[in-house]
Amino acid sequence: MNALLMIAFTTGILSGVWGWLAITFGLIGWAGFLGYAICFSSPINGLRGLLITAITCCTGVFWAEVILLGSTLTPGWSFMGYLLTGVVAFLMCMQSLYRWLAFIPGTFIGAGATFAAQGNWQLVLISLLLGLLFGYAMKISGLWLLQKHQLRKLQREQDIALDIAQITHSRSEGS
């Protein structure tokens, strides 16, 4: 068994759980899936990676709100909304100069989800962050399952080797 198979297995199970939670608690199901995407695409593993992706996701939601609110200030001048979008997109990239804000895809996914949910940032934020936690759990549990499988396989191989050694030893004593 390999890591991909184990992660796929735990992802399948936890995706079903997420679907149920999203419906039960009125969360945005697709935003949770975007949270998975943020987690799976992060180049940094572990808790540090989880924190960086969560922070950048949150900043993306913030930047989307800046664009949405800023665009309403000059409703007759649509070009101002476009200009604001360009400036904010520039800032979304520039924030990556800071180590804890360096995951640009997380920022854009957070912003895109906020636009898709028509500015319902509170529900987007909860759904994205829970999806991110689910994605992290999918990865970690899949790798844990792989490790358990490999340890059991190693233990079986050691048991077989011990059995062979005992048989060989008992035959050599009986000669």
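In this predicted model, the buried residues of helix α4 pack against α3 (46-73) and α5 (104-116).

**Helix α4**

- Helix α4 comprises the 17 residues 78-94, which at 1.5 Å a residue should span 24 Å; the end C-alpha atoms of α4 are 25 Å apart, in agreement with that expectation.
- Gly-81, Val-88 and Met-92 are the buried residues named in α4.
- These three cover an arc of only 45° around the axis, and therefore lie on the same side of α4.
- In general, an α-helix has 3.6 residues a turn, so residues three or four places apart point the same way.
- Tyr-82, Leu-83 and Phe-90 are exposed on the other side of α4.

**Nonpolar surface patch**

- A nonpolar patch on the surface is formed by Trp-77, Phe-79, Met-80, Tyr-82, Leu-83, Val-87, Phe-90, Leu-91, Met-94, Leu-97 and Tyr-98.
- Together, the residues of this patch have about 1,200 Å² of accessible area.
- Tyr-82, one of the patch residues, lies in helix α4.
- Tyr-82 counts as exposed because its relative accessibility is 63%, and the cut-off for exposed is over 50%.

**Helix α5**

- The 13 residues of α5 should span 18 Å at 1.5 Å a residue, and the end C-alpha atoms of α5 are 18 Å apart, which agrees.
- Gly-106, Thr-107, Gly-110, Ala-111, Ala-113 and Thr-114 are buried in α5.
- Viewed down the axis of α5, its buried residues fall within an arc of 160°, so they line one face of the helix.
- Gln-118 follows α5 and has a positive phi, near 55°.

- Thr-11 lies in helix α1 (residues 3-25).
- The relative accessible area of Thr-11 is 17%, and Thr-11 therefore counts as buried, for which the cut-off is under 20%.
- Apart from its neighbours within four places in sequence, Thr-11 is in contact with Phe-40 and Met-138.
- Ala-37 belongs to helix α2 (residues 29-41) and, at 32% relative accessibility, counts as partly exposed.
- Ala-37 and Leu-69 are separated by 32 residues in sequence and by 27 Å in space, C-alpha to C-alpha.

Notes: Residues are numbered from 1 along each chain as its sequence is written. This is a predicted model: local features need pLDDT of at least 70, side-chain atom pairs count only at pLDDT 80 or more; totals for chains, interfaces and linings use all residues. Side-chain values use heavy atoms; hydrogens and water are left out. Helices (H or I, at least four residues) and strands (E, at least two) are DSSP runs, numbered from the N terminus. The expected span of a helix is 1.5 Å times one less than its number of residues. Buried means under 20% relative accessible area, exposed over 50%, partly exposed in between (1.4 Å probe, protein chains only). The arc is that of the directions from the helix axis to the C-beta atoms. Contact means heavy atoms within 4.5 Å. Patches are made of residues with over 30% relative accessible area and no salt bridge: like charges are joined within 9 Å, nonpolar side chains (Val, Leu, Ile, Met, Phe, Trp, Tyr) within 5 Å. Accessible areas come from the Shrake-Rupley method with a 1.4 Å probe; for residues, only the protein chains shown count as cover. A salt bridge is a side-chain nitrogen of Lys or Arg within 4 Å of a carboxyl oxygen of Asp or Glu.
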